[in-house]
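Here is a friendly walk through one model, with the sequence and the 3D view to follow along.

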Amino acid sequence: MAQKSTNPTQQFNFVAQDNIWKYHVETEFEAAKKWSIKWGFLTTPFEELIKDERKEPTKPKIELPEHLQIRPVTPVEKYIKVYPSPPIPKTTQGFIGWRSSVPGLELERYYQVRSCKGAFHKDLKWPDEPSD
């Protein structure tokens with residue numbers, strides 16, 4: 001008994017395969033002819049595409065008066081002093097308040113708490129100095 005082949009290319013006869021191949025080649029040639037009509041603009045150089053665009057004339061620079069000129073930038077190091085931090089503690093318990101325990105980095109100065117919003121003891125009408 002002859003077994004049927006499972007390969008789809010061997011199921012067709014040679015004439016049908018040849019006709020299919022001719023059709024593929026023919027459609028490829030047609031696509032190649034139509035490509036230049038549809039997509040030929042992609043082959044033009046970029047300089048040629050933008051040559052017709054108008055270039056805006058550059059405006060002359062106006063010399064500003066002395067009082068309107070921008071001053072050069074002052075380096076941050078000149079007006080902000082950053083001191084070295086103390087060494088980082090090895091335990092998490094030592095980490096709490098480690099910067100405020102160093103003289104010069106503490107939040108309390110002259111027995112008053114300094115904060116960015118101001119001292120809250122004024123809002124509560126407490127005395128400035130602590131009493132024992």
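## The aromatic pair

Rings of Phe, Tyr and Trp (its six-membered ring) count as a pair if their centres lie within 6.5 Å; planes under 30 degrees apart are called stacked, over 60 edge-to-face and the rest tilted. By this rule, the count in this predicted model comes to one aromatic pair. The partners are W39 and F41, with 6.1 Å from centre to centre and 35° between the planes, which makes the pair tilted.

How exposed is W39? With a relative accessible area of 43%, W39 is partly exposed (buried means under 20%, exposed over 50%, and partly exposed in between, using a 1.4 Å probe and protein chains only).

## A nonpolar patch

W39 and F41 turn up again on the surface, where they form a nonpolar patch with W35 and L42. Together these residues have about 470 Å² of accessible area, by the Shrake-Rupley method with a 1.4 Å probe, counting only the protein chains shown as cover for residues. Patches take residues with over 30% relative accessible area and no salt bridge, joining like charges within 9 Å and nonpolar side chains (Val, Leu, Ile, Met, Phe, Trp, Tyr) within 5 Å.

W39 has its place in helix α2, which covers residues 14-39. Helices (H or I, at least four residues) and strands (E, at least two) are DSSP runs, numbered from the N terminus. At 1.5 Å a residue, times one less than the number of residues, the 26 residues of α2 should span 38 Å, and the 37 Å between its end C-alpha atoms agrees. At K33, α2 bends by about 30°, the angle between axes fitted to the seven residues ending there and the seven starting there.

A search of the whole structure finds one salt bridge, meaning a side-chain nitrogen of Lys or Arg within 4 Å of a carboxyl oxygen of Asp or Glu. It joins the side chains of K22 and D18 at 3.6 Å, N to O. The two are four residues apart in α2, so about one helical turn separates them. K22 is partly exposed at 47%, and D18 is partly exposed at 37%.

## The whole chain

The protein chain has six helices and two strands, in the order α-α-α-α-α-β-β-α from the N terminus. Of its 132 residues, 3% are buried. The chain exposes about 14,500 Å², 60% of it supplied by carbon and sulfur atoms.

## Reading the numbers

Residues are numbered from 1 along each chain as its sequence is written, and side-chain values use heavy atoms, leaving out hydrogens and water. As this is a predicted model, local features need pLDDT of at least 70 and side-chain atom pairs count only at pLDDT 80 or more, while totals for chains, interfaces and linings use all residues.
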